[in-house]
Amino acid sequence: MLDGRKLVLVSVADKRLLMRICPTLVKYFQLVSTGGTFTTLQELEIPCIPVEEVTGLAEMLQGRVKTLHPAILAPLLAPDTPVALEELRVAGFTQFAGVIGNLYQFAAAIAKPGVTLLEAIEKIDIGGLTFLRATAKNFMAGLFAICDPDDYESVVAELDANDGKLSYKTRLRLALKVFQMTREYETAIAEYLAGQLEQLD
């Protein structure tokens with residue numbers, strides 16, 4: 001159940017280090033999560049709510065569609081203005097403070113011997129790319145986007161030192177890292193598909 005605090009979306013492929021950051025996040029925000037990440041947080045006894053409590057819809061297409069919904073993306077993209085905040089309120093959407101996400105390991109998948117084109121395509125992340133980039137784009141409105149577990153420790157220290165807030169510099173640094181990561185990710189996809197096309201000539 002939503003408790004009135006800002007939300008942090010946690011949806012990660014690499015779940016190993018969640019204990020390093022989520023116990024701190026729940027001191028300041030309410031966590032919302034998806035699929036396997038939600039299950040992992042439950043097993044770790046970290047309070048969170050499933051994404052369908054925010055969207056009003058169950059995950060679709062075997063998990064392909066979980067976070068691609070206005071109740072997620074509108075708060076992540078909303079500027080910090082009275083007009084935008086009122087629009088969210090009228091729509092019944094809860095504000096977000098940030099997201100934590102990392103992507104399906106496409107490069108690792110295509111490196112496996114004998115991987116098929118269909119198997120490779122299934123490892124192209126869509127939802128994670130979308131919510132990470134949306135949030136990174138909106139860092140000036142106070143939101144944070146964390147895509148690298150190596151940042152968990154420093155984020156935790158800063159949140160605890162500043163009553164749950166991250167500085168402009170930190171949010172900018174995290175946003176930059178998101179766009180660097182997504183550039184590399186999509187370059188790998190483009191190069192792989194180009195290779196598939198060459199095989200047809």
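## The second largest pocket

The second largest pocket has a volume of about 350 Å³ (the space filled by probe spheres set on grid points joined across faces, edges and corners). In this predicted model, local features need pLDDT of at least 70 and side-chain atom pairs count only at pLDDT 80 or more, while totals for chains, interfaces and linings use all residues. Residues are numbered from 1 along each chain, and side-chain values use heavy atoms, without hydrogens or water.

The pocket is lined by 22 residues, of which Lys6, Ala97, Ala141, Gly142 and Leu143 are the closest to its centre. On a 1 Å grid over the protein atoms alone, a pocket is an open set of points where a 1.4 Å probe fits, with protein on both sides within 12 Å along at least five of seven lines; lining residues have an atom within 4 Å of a point. At least two lining residues come from each of α5 (82-91) and β4 (96-101). By class, the lining has 14 nonpolar, three polar and five charged residues.

## Helices α8 and α10

Helix α8 (residues 127-137) packs against helix α10 (residues 168-198) at an angle of about 145°, and their axes are 9 Å apart. On the α8 side, the contact (heavy atoms within 4.5 Å) involves Leu129, Leu132, Arg133, Ala136 and Lys137. Residues of α10 in this contact include Phe179, Met181 and Tyr185. Eight nonpolar, one polar and three charged residues make up the contact.

## Aromatic pairs

The whole structure holds five aromatic pairs (ring centres within 6.5 Å; planes under 30 degrees apart are stacked, over 60 edge-to-face, the rest tilted). The ring centres of Phe29 and Phe144 are 5.9 Å apart and the planes stand at 55°, so this pair is tilted.

Conventions. Axes are lines fitted to C-alpha atoms, for helices over the stretch in contact, and angles run from 0 to 180 degrees between N-to-C directions. Helices (H or I, at least four residues) and strands (E, at least two) are DSSP runs, numbered from the N terminus. Ala, Val, Leu, Ile, Met, Phe, Trp, Tyr, Cys and Pro count as nonpolar, Asp, Glu, Lys and Arg as charged, and the others, Gly among them, as polar. Rings of Phe, Tyr and Trp (its six-membered ring) pair if their centres lie within 6.5 Å; planes under 30 degrees apart count as stacked, over 60 as edge-to-face and the rest as tilted.
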